[in-house]
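Open the model in your viewer and keep the selection tool at hand. This tour goes stop by stop.

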Amino acid sequence: MKACREILAATRRADSIFNLIEEGDRIAVGVSGGKDSLCLVRILSLYQKFCDRHFEIVPITLDMGFPSFDPSSIKEYVKEQGFELEVVDAKEVYRILCMNTKDEKHLPCSICSRMRKAIMNKAAKERGCNKVAFAHHMDDALETKLMNEICGGREATFSPKMHLEKSDIIFIRPFILVREKQIKRMVNEENIPVVPPFCPADKHTNREEVKTLLNDIYKKYPRAYQNFETALMNYPPFDLYYDKLEFQVGSKYTISPVNSTAQLLDYIKFLPDGIDPRAINNGNQQHLIKERGEIIGVYDLKRSEKEVFISNLYLKEGKEEFKGLLIPYLEKFYFPRKITLLEN
């Protein structure tokens, strides 16, 4: 029971830090039958008993059409924890994955992930849930971060808590502070009946290679794991080049991406009366316009595959000439995409 207590404590800490579970939540829990998801059902069932907030748990597994799928042992274990497992028919996923498999490689993980999450969201909403819980742990987060760096050229990993506006549902990851080795110990200590993976691509993915790479690093540098984990919550989170970007536009103007709330406060002085600065940035990338270091304007930029939209362009009085420079500059920068300036 030692591993179970450790994981329960880490789950409670994650809930305290990230406000994952709130009074009255009805949480759909994604259950694949693997070690992570079965442990999550067990831990949340225990957490219900002493948490100072009332919340409900709705375990859901997706039948995605894999030939070896058999949920009988998953149902039995979930029932032992006091819940009824909901099995959702999603057999079209396997058919679509097979159609998108190229060059005799394994099934495409990215398509599978997107479809699985979309179906899970829909199933959760149909069952009156306002949140979806997945069993991603800290090792998953670090692997995702390194994969994004290697394959995607960006510093990013998944969030402990994320609101999905389109489906109006909140994703939570109660195991975000849990180590995978703790989950493995809990499975052994409690004899949890883990189901073999249904997906034929399991253990043959880029993620598996990254996992091996990280484990090699941990063996050579014992403090690396702790330092990687700490880095995710350090402030500032990184010291890279993004906040130093300053693109030359014409002979005296530059534009820089906004990186902090403090920067946004700098341009409030020249906004027209009645404009709320908090309403300007609507999720697009915001840029500040500078003249020899002084902020003289701001605009929002949104990119699509074929077009770039500029909106909420505000300039300091007397600096309207910048408009004539911005569009030609962006046309060169984003060629061949069309540049559209939306009037305020």
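Start by selecting Ile119. Ile119 is buried, at a relative accessible area of 16%; buried means under 20%, exposed over 50% and partly exposed in between, with a 1.4 Å probe and protein chains only. Ile119 sits in helix α5 (residues 109-126). Helices (H or I, at least four residues) and strands (E, at least two) are DSSP runs, numbered from the N terminus.

A word on the source: this is a predicted model, where local features need pLDDT of at least 70, side-chain atom pairs count only at pLDDT 80 or more, and totals for chains, interfaces and linings use all residues. Residues are numbered from 1 along each chain as its sequence is written, and side-chain values use heavy atoms, with hydrogens and water left out.

Stay on Ile119 and show what surrounds it. Leaving out residues up to four places away in sequence, Ile119 touches Leu62, Val88, Ala90, Glu92 and Val93. Contact means heavy atoms within 4.5 Å. Now pick Val88: it lies 31 residues from Ile119 along the chain, and their C-alpha atoms are 8.7 Å apart.

**The whole chain**

Zoom out. The chain has 11 helices and 12 strands. Of its 344 residues, 44% count as buried. Among contacts between residues at least 6 apart in sequence, 69% join residues at least 24 apart.

**The cores**

Which residues have the most contacts inside the largest nonpolar core? Select Ile21, Val29, Ile60, Ile74, Val132, Phe175 and Met186, in a core of 75 residues. Such a core is a set of buried Ala, Val, Leu, Ile, Met, Phe, Trp, Tyr and Cys residues joined through side-chain atoms within 4.5 Å. Helix α2 (residues 35-50) gives the largest share, 8 residues. In soluble globular proteins, nonpolar side chains tend to be buried together.

Next, centre on Val132. Beyond its neighbours within four places in sequence, Val132 contacts Ile27, Ala28, Met120, Asn121, Ala124, Ile169, Ile170, Phe171 and Ile172.

A second, separate core has 18 residues, including Ile255, Phe322, Tyr329 and Leu330.

**Helix α11**

Select residues 322-333. This is α11, with 12 residues and 16 Å from first C-alpha to last, close to the 16 Å expected at 1.5 Å a residue. The expected span is 1.5 Å times one less than the number of residues. Phe322, Leu326, Ile327, Tyr329 and Leu330 are its buried residues. Their cover includes β7 (247-249), β8 (253-257), β9 (285-291), β10 (294-303), β11 (307-315) and β12 (338-341).

Most residues other than glycine have a negative phi, and most peptide bonds are trans. Move to Pro336, in the loop between α11 and β12. The peptide bond from Phe335 to Pro336 is cis, with omega near 10°.

Then select Arg292, in the loop between β9 and β10. Arg292 is not a glycine, yet has a positive phi of about 50°. Is Arg292 buried or exposed? Arg292 is exposed, with a relative accessible area of 66%.

Last, select Asn312 in strand β11. Asn312, also not a glycine, has a positive phi of about 50°. Asn312 is buried, at a relative accessible area of 19%.
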